[in-house]
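Work through the exercises below with the sequence and the 3D structure open. Try each task before reading its solution.

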Amino acid sequence: MAWFSPPVDNLLYRCLSVSITVWLTLLFVFTIVPAVLGVSFGIRSFYIATLLKIFEWATLRMEMGAKEKNQELYKPYTNGIIVKEPPSSLRELRGSASCLRSEPEFEMADIFYFCRRGVESIVDDEVTKRFSAQELESWNLLTRSNYNFPHISLRLAALWGLGVLVRYGILLPLRVTLAVSGISLLLVLTTLVALLPRTELRFYLSEKVHLMCYRICVRALTAIITYHNRENKPKNGGICVANHTTPIDVIILANDGCYSLVGQVHGGLMGMIQRAMVKSTPHIWFERSEVKDRHLVAKRLSDHVADKTKQPILIFPEGTCINNTSVMMFKKGSFEIECTVYPVAIKYDPRFGDAFWNSSKFGLVSYLLRMMSSWAIVCSVWYLPPMNREEGEDAVQFANRVKAAIAAQGGLVDLIWDGGLKRAKVKDAFKEEQQKLYSKVLVGDHDSRDQRSDKCSEGENDKDAAEGQ
Amino acid sequence: MGATQTRSEHKYQDLVEKTGFSLEQITNLHKRFQHLSGNEETISKESLESIPALANNPIKKQIIGAFFDKRNQHQDEAGSFEEIGFEQFLMVMSHFRPPSLKTTEEEKEAMRKEKLRFLFNMHDTDNDGTITLAEYRTVVEELLSKSGAIGQEAAKAIADAAMLEVASTNVPHMAPDEFYEGITFEHFEQILKGLEMESRMHIRFLDMDTTTMRCGKSKS
């Protein structure tokens, strides 16, 4: 028996070495070389088209299965389950009531309006809906996005099983290899470029190095990105703002141009990457203590922007990840700096994998694992024409204007709510705002009455309060 | 899997008859309920209080209270719950159901009375059958700003004026030392008799064929 094992061992070794060589060659030829050169073989588009056909077939099977059992296929909603009345209804409410009386005044029926608004909020709340992942109309063979388990037939289950094998057995290792090689290349090459003196050559090379590494990372995620309106791409000395869905947004945008990133200094692997990146191009990394000092932050940003040789800064003004169905409040800090703002809208196609990072549910590592084991990340990026702050416009109004433009382009809903509500509660100031609005409606009516009664009575505190309005 | 499906259908069938919602509406409301309760069986006042859009509403306390009020369950009980289940949630929601094409005049009258009762309960916090001046004043103060244009004195004055008006319409010749008890349900109904409630006190539920948003030009 002893003489039997060596040939088998040899055979095993040979098989392994051959397959690994083939694997690496394929990887090299089909992904790394195109990434370096910036060309594409069109493999990914073909892949996407095939996937779509499979998904459609899967959904059809589920619908057929549901029909056989005479049940409804649960079609989830994305826009809401009720129609909300617009906020201007309070005026209308008063208008229709006051035509019955000569003088408008406080009515018992005013409570109807607030009552209904309140129940509408309970049934269908805009804010909490934005923080859960979007739901799909067709099934993309990922259990994480399926709510129709009873309708899966044996064939579908087999297909799903095959999908799991493909995704975890083939795609995931491939992607992890790519990601690792991409990051190591980034570290090595930026350090090398940093050794050169500060010349044109160095700028040129560092740009190329960054772009190459981001392209590898994009292939590591199998991200298929369509850029629209590239003539509006951000230029030096400006700030680029975009809506935020996931940390991958950075890779998506940096794939097409060089930006200076802004962020906190981290430790560990992230820290190493940050230090490597900053050697060859100017990024803005803050110490944790500095982040709280808004003036310091603003100063560093303005200095960077004033230098026209430096790349545009990339900022995500929402401050947190939103689930890509809407755009939430933009923090005004980045809009206070005097420079051109280049808005960018990013919209992910949820059919292939949900890109939203729900940071309360998943940590970063498990999020990346989920991303790398989805089918693909398909998204569209629109570069919007540059905007400047106008005369007499303050930072908040400017921020809202930019936000509206981004929401309109990306087909997202424009909300006034703060992304920070994911973790905090609404300030009392908002409730008081509503109360003030309502009291203004009343006081407007009372002013005429009070003026008449004032002629007969002494001036009182009430009157002052009402007239001081 | 098949058995659980039919069982839940029967359960919802009950609710369809009790509350008048359609099966589809109940399923969607159930999803919302799950979301509010964090997939538990019941919701407490805290879960409703954490809704941001509701925080914006001046009478938030009264609205949340209405959900936990036993009188709104149409079972002749009084007091309030600590937590409510899906059925109780639906019962309260049914006050805001719009009339369909098939509702008869009688049913519409009954629905109107229910809605008025709901509002009455919202004002009448101690459940003595009348809205006293103090109770009414509380509601008016909540509606108006505590810190803004209308101070507490003015809010009180507004509430008093409104109560006086109500009193004068219902008890036209009140003696100077007679004490006006408060607004009873019949008075309440009478005050709001001319008011068109149908458009103000119901919520329009959508049909569920909404499509997802797609990317612009995906792949060529």
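The model is predicted, so local features need pLDDT of at least 70 and side-chain atom pairs count only at pLDDT 80 or more, while totals for chains, interfaces and linings use all residues. Residues are numbered from 1 along each chain as its sequence is written, chains are lettered from A and ligands numbered from 1 in the order in which they are written, and side-chain values use heavy atoms, with hydrogens and water left out.

**Exercise 1. Find the residues with the most contacts inside the largest nonpolar core.**

Step 1. Start from the terms. A nonpolar core is a set of buried Ala, Val, Leu, Ile, Met, Phe, Trp, Tyr and Cys residues joined through side-chain atoms within 4.5 Å. Buried means under 20% relative accessible area, exposed over 50%, and partly exposed in between, with a 1.4 Å probe and protein chains only.

Step 2. The largest core has 55 residues, and A:Ile122, B:Leu48, B:Phe67, B:Phe86, B:Phe89 and B:Phe188 have the most contacts inside it. Helix 4 (residues 110-123) of chain A gives the most to this core, eight residues; helices (H or I, at least four residues) and strands (E, at least two) are DSSP runs numbered from the N terminus.

Step 3. Take B:Leu48. Leaving out residues up to four places away in sequence, B:Leu48 touches A:Ile122, B:Leu36, B:Ile43, B:Leu54, B:Ile64, B:Phe67 and B:Phe68, where contact means heavy atoms within 4.5 Å.

Step 4. Another core, of 51 residues, lies apart from the largest one and includes A:Ile32, A:Val218, A:Ala220 and A:Cys379. In soluble globular proteins, nonpolar side chains tend to be buried together.

**Exercise 2. Describe how the rings of A:Phe335 and A:Phe398 are arranged.**

Step 1. Rings of Phe, Tyr and Trp (its six-membered ring) pair if their centres lie within 6.5 Å; planes under 30 degrees apart count as stacked, over 60 as edge-to-face and the rest as tilted. Over all chains, this rule gives eight aromatic pairs.

Step 2. The ring centres of A:Phe335 and A:Phe398 are 5.6 Å apart and their planes stand at 90 degrees, so this pair is edge-to-face.

Step 3. The two partners sit in distant parts of the chain, 63 residues apart: A:Phe335 is in the loop between strand 7 (326-327) and strand 8 (340-349) of chain A, and A:Phe398 is in helix 13 (residues 395-410) of chain A. Both A:Phe335 and A:Phe398 are buried.

Step 4. For a second case, B:Phe96 and B:Phe118 have ring centres 5.4 Å apart and planes at 85 degrees, so they too form an edge-to-face pair. B:Phe96 lies in the loop between helix 6 (86-93) and helix 7 (105-123) of chain B, and B:Phe118 lies in helix 7, 22 residues apart.

Step 5. B:Phe96 is buried, at a relative accessible area of 1%, and B:Phe118 counts as buried at 1%. Elsewhere, B:Phe33, B:Phe67, B:Phe86 and B:Phe89 form one aromatic cluster.

**Exercise 3. Explain why helix 5 (residues 60-67) of chain B is largely enclosed.**

Step 1. Count the buried residues: six of the eight in helix 5 of chain B are buried, so the rest of the structure largely encloses this helix. They are B:Lys60, B:Gln62, B:Ile63, B:Ile64, B:Ala66 and B:Phe67.

Step 2. Repeat for helix 6 of chain B, which is also largely enclosed because six of its eight residues are buried. These are B:Phe86, B:Phe89, B:Leu90, B:Met91, B:Val92 and B:Met93.

Step 3. For the whole of chain B, 45% of the 220 residues count as buried. Chain B has 10 helices and five strands.

**Exercise 4. Describe the surroundings of A:Val344.**

Step 1. A:Val344 lies in strand 8 of chain A and is buried, with a relative accessible area of 0%.

Step 2. Not counting residues up to four places away in sequence, A:Val344 touches A:Cys240, A:Val241, A:Ala242, A:Asn243, A:Leu253, A:Val381, A:Trp382, A:Tyr383 and A:Ile406.

Step 3. Compare sequence with space: A:Val344 and A:Asn232 are 112 residues apart in sequence, and their C-alpha atoms are 9.3 Å apart.
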